[in-house]
Amino acid sequence: MPFFIKLLDVLHDANLPVPYALRTTEGVALRELAGKPALLQPRLAGKHIKHANAQHCVQVGELLAHLHLATQGDKVLERKTDRGLDWMLDEGAQLISHLDAEQQRLLQAALDEIQQHKAHILTLPRANIHADLFRDNAMFEGTHLTGLIDFYNACSGPMLYDVAIALNDWCSDEAGVIDGHRARALLGAYAALRPFSTGGSRAVADDVARGLCAVLAVTPDCGRDICRAGRVDSRSARVPTAAGAAPAGHDPAAARPLNVGAGLLANAVCQPSSG
């Protein structure tokens with residue numbers, strides 16, 4: 001709990017619309033209610049949206065960039081994610097024997113890809129990341145973003161991972177295909193505030209993007225011990241995939257395949273001004 005209190009304080013001080021802890025007159029943030037720890041936080045205005053347009057995506061890109069700028073470099077508050085690359089590799093190895101042949105092939109390919117690109121991912125620029133910026137964690141009044149909630153997956157990690165998660169949810173259609181117009185809006189707004197690093201050659205950027213796609217695709221359904229994975233086609237914004245489960249905290253009935261445009265991310269990393 002102290003990590004989340006501190007992170008929300010930092011983001012509130014950076015004028016971001018987050019549910020920071022309201023303190024007592026003695027300056028105490030963490031209180032007790034019915035024998036359990038509790039925080040008193042302001043109620044944020046706005047509501048969730050179901051159908052995102054380009055202006056919504058601009059607002060999300062800008063907010064994500066501000067969040068990363070407020071916590072990057074030596075300002076990072078360290079917290080290891082509970083669902084990182086090592087966890088994915090370990091869980092995947094345990095789950096694979098419970099799958100049929102086709103699912104095993106898909107999962108093994110994704111696990112191999114994660115292992116191959118893990119070193120690249122771990123060298124990406126880091127900050128504190130929300131790690132769960134889905135539509136049900138953002139509040140809007142019209143096209144104005146008024147709140148960002150649910151920080152319990154927040155951690156320290158590669159900023160590009162946060163971008164990939166947001167891009168996947170805010171910029172994909174119901175078939176899981178990335179909408180280029182919305183993706184350019186989100187990535188352009190983000191890069192205008194925090195330009196992407198080139199990361200070396202285009203080949204390296206493409207490798208990183210593909211690795212992140214694999215990370216997003218391997219999403220175990222904790223309720224049924226099923227793990228399905230998608231393969232990445234880096235030549236286009238479409239990512240063929242099997243059905244994926246929703247991350248913890250999201251309604252499985254509303255789950256969509258976890259896809260992300262590898263080509264779009266690679267272009268953004270190499271050519272931020274064009275995104």
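Let me start with the crossing of helix 1 and helix 2, which is right-handed in this predicted model. Helix 1 covers residues 2-13, and its axis comes within 10 Å of the axis of helix 2, the two crossing at roughly 110°. That makes helix 1 roughly perpendicular to helix 2, because angles of 65 to 115 degrees are counted in that class. If you want to find the meeting point on the screen, look for Leu 7, Val 10 and Leu 11 on the helix 1 side, which meet Leu 67, Ala 70 and Thr 71 on the helix 2 side.

Two packed helices are described by the angle between their axes and the distance between the axes. For helix 5 and helix 6 that angle is about 150°, and the axes are 10 Å apart. Helix 5 and helix 6 are therefore roughly antiparallel to each other, and helix 5 passes helix 6 in a right-handed crossing. The contact is made from helix 5 by Met 159, Val 163, Ala 166, Leu 167 and Trp 170, and from helix 6 by Arg 182, Ala 183, Leu 186, Leu 187 and Tyr 190.

Staying with helix 5, how many of its 12 residues are buried? The count is 12 of 12, so that the helix is described as mostly covered, with buried standing for a relative accessible area under 20%. The buried residues of helix 5 include Met 159, Val 163, Ala 166, Leu 167 and Trp 170, and also Asp 162, Asn 168 and Asp 169. As a check on its geometry, the 12 residues of helix 5, at 1.5 Å a residue, should span 16 Å, and the C-alpha atoms at its ends are 17 Å apart, which agrees.

Helix 6, residues 180-193, also holds Ala 192. Is Ala 192 buried or exposed? With a relative accessibility of 64%, Ala 192 counts as exposed. Ala 192 and Gly 61 are 131 residues apart in sequence, and their C-alpha atoms are 9.3 Å apart in space.

That separation brings me to the protein as a whole. There are 8 helices and 6 strands, and, read from the N terminus, the elements run α-β-β-α-α-α-β-β-β-β-α-α-α-α. The protein has 275 residues, of which 50% count as buried. If we take the contacts with a separation of 6 or more, 72% of them are accounted for by residues 24 or more positions apart.

Let me turn to the strands, and in particular to strand 4, residues 138-141, which runs antiparallel to strand 5 and is joined to it by 4 bridges. Strand 4 and strand 5 form a hairpin with 2 residues between them, and in the turn Gly 142 has a positive phi of about 65°. Strand 5, residues 144-148, is mostly covered, with 4 of its 5 residues buried.

On the matter of phi, most residues other than glycine have a negative value. Ala 34 is found in the loop between strand 1, residues 31-33, and strand 2, while Ala 131 is found in the loop between strand 3, residues 126-129, and strand 4.

I will end with another loop residue, Leu 40, which is found between strand 2, residues 36-38, and helix 2, residues 54-71. Leu 40 is partly exposed, because its relative accessible area of 43% falls between the cut-offs of 20% for buried and 50% for exposed. What does Leu 40 contact once its neighbours within four places in sequence are left aside? The residues are Tyr 20, Ala 21, Leu 22 and Arg 31. Tyr 20 lies 20 residues from Leu 40 along the chain, and the C-alpha atoms of the two are separated by 8.4 Å.

Methods
Residues are numbered from 1 along each chain as its sequence is written. This is a predicted model: local features need pLDDT of at least 70, side-chain atom pairs count only at pLDDT 80 or more; totals for chains, interfaces and linings use all residues. Side-chain values use heavy atoms; hydrogens and water are left out. Buried means under 20% relative accessible area, exposed over 50%, partly exposed in between (1.4 Å probe, protein chains only). Two strands pair if DSSP finds at least two bridges between them. Contact means heavy atoms within 4.5 Å. The expected span of a helix is 1.5 Å times one less than its number of residues. Axes are lines fitted to C-alpha atoms, for helices over the stretch in contact, and angles run from 0 to 180 degrees between N-to-C directions. Angles under 35 degrees count as roughly parallel, over 145 as roughly antiparallel, 65 to 115 as roughly perpendicular and the rest as oblique. A crossing is left-handed if the near helix is turned anticlockwise from the far one by less than a right angle, and right-handed if clockwise.
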